[in-house]
Amino acid sequence: MKTSEKKSLNAELATQYGYMFLWITLSASVILINKYILSISGFPYPICLTVTHMGFCSLLALAIVKSGYVEAVNITAETYLSCILPIGLLFAGTLWAGNAAYLYLSVSFIQMLKASMPMVVFIVGVGFGTEKFTMSNALNMVVVGTGIAIASYGEILFVAVGVALQCASICTESVRLTLCASICTESVRLTLVQILLQRRGIKMNPVSTLYHIAPCCFVFLFLPFTYIELPKMFSDPNLNLNIPLLLLSASVAFALNMSVFLLIGKTSALTMNVAGVIKDWMLILLSVLIYGSPVTQTQLGGYGLAFLGVCYYNYQKVQGMKAATAGASKAPEKAPLLNDEEKASGKV
């Protein structure tokens, strides 16, 4: 019996680590491929790249739903207007600004800037009432902010436009997360589904989510693409439109969404946070090895400080979740098992 239980545990752990490795690999692959497409391959059009992703995800999600493999959640027009549209708009802004930042900044520096996500999510969450303000958390966020500032100061190839775009991406993502929470990942899906979807009793898997949100995001991105990038593409003599590479990027992005679902379903919030940290450090290393991104000691020191602050923040969140779960399981009975009449009559 013990042998079978040990084998079962080993199999479960192997599955969890397999999903974690898959998510880290896909997440890193999307970032590295997008950096190559936008900065090296001769295709400096981030909106077009993002439109391709959303169009591909929309068509693939539609095909999966229509084939009967996944059942789409029915959403009313009022819910679509009040929930899906804001999420789609913010997600479009996040992807647009985030991809545009790769035109100006190195992958390693962008990953360092992304360490500020918990800080921004905390600030936005306090404003929306989804996060509780404590002096401990506030001081911790100051540590994270200080670390990011030091890392930015040490950046050799600092470009203000790129930093502004990445900050815009982080801010829109933080608002989106605070409008619709889910399970803790990276800084992770903290609040989006909670306010806009879960409170309405709507639960969607990744395919169903893409089925509803990706087309909306596609429309929001297609409009600026038509007016901003499409005319430039027609007049660009050096345009390198590599369709297979764009489809590869879109396919990996779709697979990443699926792996997030597998990771959420099979691991804990702590495991996902650890996976996110591993991915960030791995991307910094790969950025140096593959693209020759310069990383200074000042940057590493600043990022290390921010990293410690994020780790402590994640630790506090996990401990809070454990305490809440333990408190709920040990809560005293609100009503006696027997009322006064039953006690008097001797009923059991």
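**Close-up views of a predicted model**

View 1. A polar atom of the Asn-140 side chain lies 3.0 Å from the backbone oxygen of Gly-309. The structure shown here and in the other views is a predicted model. Asn-140 sits in helix H6, which runs over residues 135-153. With a relative accessible area of 6%, Asn-140 is buried. Apart from neighbours within four places in sequence, Asn-140 is in contact with Gly-309, Tyr-312, Tyr-313 and Gln-316.

**View 2. Helix H6 and its buried residues.** Helix H6 consists of 19 residues. From the first C-alpha to the last, H6 reaches 27 Å, close to the 27 Å expected at 1.5 Å a residue. Buried residues in H6 are Asn-137, Ala-138, Asn-140, Met-141, Val-144, Gly-147, Ile-148, Ala-151 and Ser-152. In an α-helix there are 3.6 residues a turn, so residues three or four places apart point the same way.

**View 3. The aromatic pair of Phe-43 and Tyr-45.** Five aromatic pairs are found in the structure. In the pair of Phe-43 and Tyr-45, the ring centres are 5.5 Å apart and the planes stand at 75 degrees, so the pair is edge-to-face. Phe-43 is buried, at 1% relative accessibility. Tyr-45 also counts as buried, at 6% relative accessibility.

**View 4. The aromatic pair of Trp-281 and Phe-307.** The ring centres of Trp-281 and Phe-307 are 5.6 Å apart, and because their planes are at 85 degrees, the pair is edge-to-face. This pair links distant parts of the chain, 26 residues apart: Trp-281 belongs to helix H11 (residues 269-291) and Phe-307 to helix H12 (residues 297-329). Trp-281 is partly exposed, with a relative accessible area of 33%. Phe-307 counts as partly exposed too, at 22% relative accessibility.

**View 5. A cluster of phenylalanine rings.** Phe-218, Phe-222 and Phe-225 are linked into a cluster by ring pairs. A pair of aromatic rings is described by the distance of the centres and the angle of the planes.

View 6. Cys-217 is buried, with a relative accessible area of 0%. Cys-48 is buried as well, with a relative accessible area of 10%.

Key
Residues are numbered from 1 along each chain as its sequence is written. This is a predicted model: local features need pLDDT of at least 70, side-chain atom pairs count only at pLDDT 80 or more; totals for chains, interfaces and linings use all residues. Side-chain values use heavy atoms; hydrogens and water are left out. Helices (H or I, at least four residues) and strands (E, at least two) are DSSP runs, numbered from the N terminus. Buried means under 20% relative accessible area, exposed over 50%, partly exposed in between (1.4 Å probe, protein chains only). A polar contact is a pair of N or O atoms within 3.5 Å; within protein, one must be able to donate a hydrogen and the other to accept it, and residues adjacent in sequence count only if both atoms are side-chain atoms. Contact means heavy atoms within 4.5 Å. Rings of Phe, Tyr and Trp (its six-membered ring) pair if their centres lie within 6.5 Å; planes under 30 degrees apart count as stacked, over 60 as edge-to-face and the rest as tilted. The expected span of a helix is 1.5 Å times one less than its number of residues.
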